[in-house]
Amino acid sequence: MLTMLLFSALYLASRYNYLLFHTTAEIFSIVIAFSIFILVLNIRSYLKNHYFFILGVAYLFVGAVDLLHTLAYEGMGIFGSNETNHATQLWIIARYSESISLLIALYFVTRKTKLSVLFAIYFIAHAVILSSVFIFDLFPVCFQEGVGLTPFKIINEYVIMAILGFALWGLVRNRGSFDRTVMRLLAGSIITTILAESAFTRYVSAYGTANMIGHFLKILSFFFIYKAIIQVGIQHPFSSFFRELTQKEKKLLEYQSELEALVFERTTKLNEAVERLQENERRLEYALEATTDGVWDWNVKTGEVYFSSKWINSLGYTAEEVPNHVSFWENIVHPDDLPRVREALQDHFEGRTSLYKIENRLRRKSGEYRWNLDRGKVVEWDANGDPLRMVGTDSDITERKKAQEALVMSERLLRKAYEVANSGTWYYDFASNIVSWSVGFREILGISQKVPLTYDMYLDLVHPDDLEYVKKKWQIALEEGSYDEEHRIIVDGLVRWVRSKVEIEFDDTGVPSRALGVTQDITDYKISQQDAEVLKSELSHISRVATIGELTAAIAHELNQPLTAILNNAETGLHLLTESNPDVKEINDIFIDIIADNKRASDVITKLRNLLKKSTTAREFAFININELIEGVLAILYSELVIRNITLKKELSDTLPLVRGDGVQLQQVILNLISNALDAMEGEPVRSLLIYTAQADKSNIEVGISDTGSGYDKEKSQLLFTPFYSTKRNGLGMGLAICNAIIKAHNGRIGMRSDSSKGTTSFFTLPV
Amino acid sequence: MKPNALVVVIDDDPSIRKSLKRLLHSRGYTVELFNSAQEFLRKNDFIRSSPCCLILDVRMPGLDGMDLHRELNKRNISVPIVFISGHGDIPMSVKAMKRGAVDFLPKPFDTKKLLEAIESAIDKDAAIKKSQKDFQKIKKLIEKLTPREYETFRWLITGMLNKQIAGEMGVTEKTIKVHRARVMEKLQVDSVALLVRIADKAGIEPAKKI
């Protein structure tokens, strides 16, 4: 209503005098502008939104520039000529200031600033721009007399409208930060300013209608701003506060719901924890139940004890039978254990032990004793530091005790076994290079328990001659996983023989991780083995001599034949020489024959000596033609065959390779087998001996002796090659056993077979 | 030494055979060599004609010396044998001597002993061969006697008088005298004593009184 009256008054004034109208209208808007500033200045402390700070300061300066504009207006005559241009320039500056401020203010909707700083910035900016108009005259011309508005002026009015458009758009975007009414007033102000500007682009004369409408709109626009700030700061000073409060409350509600969620979450977690705790408690209970046989709670001062029912039951009593007093317990502790138990309690009471723990025996109701693990702790002390209350558990460990005793016994037995076997165990850890040895093994090595051992230390003990061998064996074991070998070590300057049996363990990637070994001192065994070797050689020799002894008649015959011939020939020679005209050619032939027979006799002796020769314990292996060996034996046996009237057949392969062996020993085998064959044919109507040699397979040759004798008991064929088994009445039972040993030492095989119902073939093979 | 005396050597050892042949040749014997008993058994007629002996090895493949000796005795082939043996033992030599061996020499033997044994064997064989000849001759003479003369011969060797013989035979004394003269003529003897010797050689028993 007031506005309508005002506008009507102004309209009437314009009809009367336009200058009056303009001056009044402008002053009106200038008053509003200054009021805006004063208003903002006074209520700034309530203004949370610093958008209004910008407006406050901006409208002060806009008002100031508008005042200059009013004073410079055409017809005022204050600034001399060119009034209208100046007034227009100032108008443009005021509108720029207004529109730019409305845009910039948006920036401070969510930000803070200080009035003093703003004031300073606005002052400098306006001082600079106004000086360009009045002092330096640099500002472009906006109005020319007789022509009207310059294009510069019109273009800038459009630019200002565009800036205002942006400001409006920005305001709408930030509508969340403003009260609805304030928002409408601010938007209204910007829109009326835009409309006013569009009116100012049109006028030709400063006194035109468009100009007048423009000023009306301008007053309206300023008024809207003023109204908005009044609304914000005075009329609804708390609506924005409440607004903020509501927003805070909303936030608070959000926080609250967040808090509630948090509380819920925490509660859930807490419940879970409680559940877990309960679960743990239950578990502990179960564990106690499972591992202990009862709980007790002892008032040390009064001697009163709570015994759990499980404790009571575990000893075979009922609750009624057990008085709640420590004397009951003292009564059932094994008398032998009581002093120890008391001592342990005392130690705990006097703080020497943090936990009372003892293994003692408790008497059951049945009278038998059980082993018990008693554990407890004082949980309350009096002021003097004396125990008040003690809580503990009891567990039946009878079974464990038994197992422990059994383990100790088994360990002792094992220890004894190692002692008897002169053995020790050890294991080697590859990562640390440490060897862990059993006591037995340290005794073998003569190394004290205290010294930690490494593999290299062991190697130092190995006999220098065996070192390479041991290292090589170890390398092979790393690939193959195990070894079993014998070597010498030197302990305290004495050579000792050990046998090591080792197994290597590998991890998932196939890298050796551990070696487990048993090492045995076999020195005594080695010595006796060497003795046995000598004895075996002796025995073998004796057996050979015995076999040959049986053949003495034949051997004598074999020697007598050439000797007889020699004697005959020599006598004849002598006789011929007594003749007056001796036949020299005949005598020459005689000598040739004598030499031949002599050689024949000496051959027999050589072969015999070879057979009777004592072989050394070390095997003398040489390359041997097996057929020659057989012929050598047959040379001695020939007469025996004749004597026994035995037909001899030889099937000796002449394409056999040489074999490695001990000639004497192999001849002994051949001799023995033939001798057995001859014995087998004793008293048989058909007596025929076959000796053959052949290639058994790619890598073995075979020598066989077949007779037409009585054959052998096939059921006892297994026994034939064992010592002291004989089918002969006066047999020692060593012959075939020795043959077996000899052929085995040659890596061959010896055996017997019966090809037909009559007779036996004994054979042996030798590797090529 | 007997001329043409033959020594047969049977031995499976060629050295022995050869050396023995050489030795015996040098002593003037004829020598025949055999390497087995079987071979000798197949061919042995030649030993009848002249004095001879066998040198026989005891141990030989197949038929041995002892077997051959037994076989010869079985076949009634009489020849003196000297055994030689490479490994002879006493029981074997005793057995051989019992069966009529001349000697048993273990190898190696003394040549002189062998030669002596051979000589004595050949002498023995010569004597045997001579007596065999005499016996054959007497047998032929006796075969010429008539049965009556043969009976008279048997009575004559009893040493009885003609008159007694006539009485025993139931004829006259004169008839006996004629028979006696005929027997003496046919048997080419001139005394009863010689008649007795012939009868002895021929193995004729004197007649006996009934």
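Predicted model: local features only at pLDDT ≥ 70, side-chain atom pairs only at ≥ 80, totals over all residues.

## Nonpolar cores in chain A

Let's start with the largest nonpolar core, which has 66 residues. The members that touch the most others are Tyr51(A), Phe52(A), Leu55(A), Leu102(A), Leu171(A), Phe178(A) and Leu186(A). Eight helices of chain A put in at least two residues each: H1 (2-16), H2 (18-43), H3 (51-72), H4 (83-107), H5 (115-134), H6 (151-173), H7 (180-200) and H8 (209-235). The top contributor is H3(A), with 13 residues.

## H3 against H5 in chain A

H3(A) also packs on H5(A): their axes come within 10 Å and cross at roughly 25°. That angle is under the 35 degrees cut-off, so the two helices count as roughly parallel. The crossing itself is right-handed.

On the H3(A) side, the contact uses Phe53(A), Ile54(A), Val57(A), Ala58(A), Leu60(A), Phe61(A), Val65(A) and Leu68(A). Facing them from H5(A) are Leu115(A), Leu118(A), Phe119(A), Tyr122(A), Phe123(A), His126(A), Leu130(A) and Phe134(A). Sorted by class, that gives 15 nonpolar residues, one polar and no charged.

## H17 against H21 in chain A

H17(A) brings Ser540(A), Ser543(A), Arg544(A), Thr547(A), Ile548(A) and Glu550(A) to the contact, while H21(A) brings Val664(A), Gln668(A), Leu671(A), Asn672(A) and Ser675(A).

## A glycine in a loop

Where does Gly351(A) sit? You'll find Gly351(A) in the loop of chain A between helix H12 (338-349) and strand E5 (356-363). Is it buried or exposed? Gly351(A) has 56% relative accessibility, so it counts as exposed. If you want a reference point, Val378(A) is 27 residues away from Gly351(A) in sequence, and their C-alpha atoms are 9.9 Å apart.

## Chain B overall

Over in chain B, there are nine helices and five strands. Reading from the N terminus, the order is β-α-β-α-β-α-β-α-β-α-α-α-α-α. So where does that leave burial and contacts? Of the 210 residues in chain B, 48% are buried. Among contacts with a separation of 6 or more in chain B, 67% link residues 24 or more positions apart.

## H5 against H9 in chain B

One helix pair in chain B gets a closer look: helix H5 (residues 111-143) and helix H9 (residues 192-202) pack at about 110°, with axes 9 Å apart. The range 65 to 115 is what counts as roughly perpendicular, and H5(B) and H9(B) are therefore labelled that way.

H5(B) uses Asp134(B), Phe135(B), Ile138(B) and Ile142(B) here, and H9(B) answers with Ile198(B), Lys201(B) and Ala202(B). The class tally for H5(B) with H9(B) is five nonpolar, no polar and two charged residues.

Note on methods: Residues numbered from 1 in each chain as written. Chains lettered and ligands numbered in written order. Heavy atoms only, no water. Core = buried A, V, L, I, M, F, W, Y, C linked by side-chain atoms within 4.5 Å. Buried < 20%, exposed > 50% of the residue type's maximum accessible area, 1.4 Å probe, protein only. Helix = DSSP H or I, 4+ residues; strand = E, 2+ residues; numbered from the N terminus. Contact = heavy atoms within 4.5 Å. Axes fitted to C-alpha atoms, helices over the stretch in contact; angles between N-to-C directions. Parallel < 35°, antiparallel > 145°, perpendicular 65-115°, else oblique. Nonpolar A, V, L, I, M, F, W, Y, C, P; charged D, E, K, R; others polar. Left-handed = near helix turned anticlockwise from the far one by under 90°.
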